[in-house]
Amino acid sequence: MDLSNYFSTIPNVIYEICNEPNGWSSWDSIKSYANEVIPVIRANDPDAVIIVGTPTWSQDIDKALASPLSYDNIMYALHF
């Protein structure tokens with residue numbers, strides 16, 4: 001089921017992909033996945049906020065800041 005299609009009419013939905021990627025994930029692999037998933041969400045819900053996790057359980061936000069995604073309404077997760 002494509003959840004973005006199901007929830008697209010609900011205005012207060014925030015999508016989160018890659019919640020706390022483990023220590024084996026690189027920003028390049030997360031970014032590659034995001035570049036596949038975000039266009040699907042945007043096709044159904046063009047203005048929705050999307051949160052993208054960062055490497056090492058969302059602790060390495062500097063990796064995302066050095067090579068950000070090229071979409072609007074994107075937030076990067078940072079967990080202490």
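User: Which residues does Lys31 touch, not counting residues up to four places away in sequence?
Analyst: This is a predicted model. Lys31 sits in helix α2. With residues up to four places away in sequence left out, Lys31 touches Ser67, Pro68 and Leu69.

User: What is the nearest side chain of opposite charge to Lys31, and how far away is it?
Analyst: Side chains of opposite charge can pair when their charged atoms come close. Lys31 is buried yet has no salt bridge. A salt bridge needs a side-chain nitrogen of Lys or Arg within 4 Å of a carboxyl oxygen of Asp or Glu. For Lys31, the nearest side chain of opposite charge is Asp28, at 6.4 Å.

User: Is Ala66 buried or exposed?
Analyst: Ala66 lies in helix α4, residues 61-66. Exposed means over 50% relative accessible area. Ala66 is at 67%, so it counts as exposed.

User: How far apart in space are Ala66 and Val37, C-alpha to C-alpha?
Analyst: In sequence, Ala66 and Val37 are 29 residues apart. In space, C-alpha to C-alpha, the separation is 21 Å.

User: Which residues form the covered face of strand β1?
Analyst: In a regular strand the side chains alternate between the two faces of the sheet. Strand β1 spans residues 14-17. Its uncovered face has Ile14 and Glu16. The covered face has Tyr15 and Ile17.

User: What is the bridge partner of Ile17 in β2?
Analyst: β1 pairs with strand β2, residues 49-52. The pairing is parallel and runs over four bridges. In β2, Ile17 has as its bridge partner Val52.

User: Which helix makes a right-handed β-α-β unit with β1 and β2?
Analyst: The unit takes in β1, a helix and β2. The helix covers residues 27-44. It is α2.

User: What is the angle between the planes of Tyr6 and Phe7?
Analyst: The count of aromatic pairs comes to two. Tyr6 and Phe7 form one that is edge-to-face, 4.9 Å centre to centre. Tyr6 is exposed, with a relative accessible area of 52%, and Phe7 is partly exposed at 28%. The angle between their planes is 90 degrees.

User: How many residues apart are Trp27 and Tyr76?
Analyst: Trp27 and Tyr76 form an edge-to-face aromatic pair, 5.9 Å centre to centre with 70 degrees between the planes. This pair links distant parts of the chain: Trp27 is in helix α2, Tyr76 in strand β3. The two are 49 residues apart.

User: Is Trp27 buried or exposed?
Analyst: Buried means under 20% relative accessible area. Trp27 has 5%, so it is buried.

User: What is the phi of Thr56?
Analyst: Thr56 is found in helix α3, residues 55-58. At 25% relative accessibility, it counts as partly exposed. Thr56 is not a glycine, yet its phi is positive, about 55 degrees.

User: What is the relative accessibility of Ser58?
Analyst: Ser58 also has its place in helix α3. Its phi is positive, near 65 degrees, in a residue other than glycine. Ser58 counts as buried, with a relative accessibility of 0%.

Notes
Residues are numbered from 1 along each chain as its sequence is written. This is a predicted model: local features need pLDDT of at least 70, side-chain atom pairs count only at pLDDT 80 or more; totals for chains, interfaces and linings use all residues. Side-chain values use heavy atoms; hydrogens and water are left out. Buried means under 20% relative accessible area, exposed over 50%, partly exposed in between (1.4 Å probe, protein chains only). Two strands pair if DSSP finds at least two bridges between them. A crossover is right-handed if, with the strands pointing away from the viewer, the path from the first strand over the helix to the second runs clockwise. Lys and Arg count as positive and Asp and Glu as negative; His and the chain ends are not counted. Contact means heavy atoms within 4.5 Å. Rings of Phe, Tyr and Trp (its six-membered ring) pair if their centres lie within 6.5 Å; planes under 30 degrees apart count as stacked, over 60 as edge-to-face and the rest as tilted.
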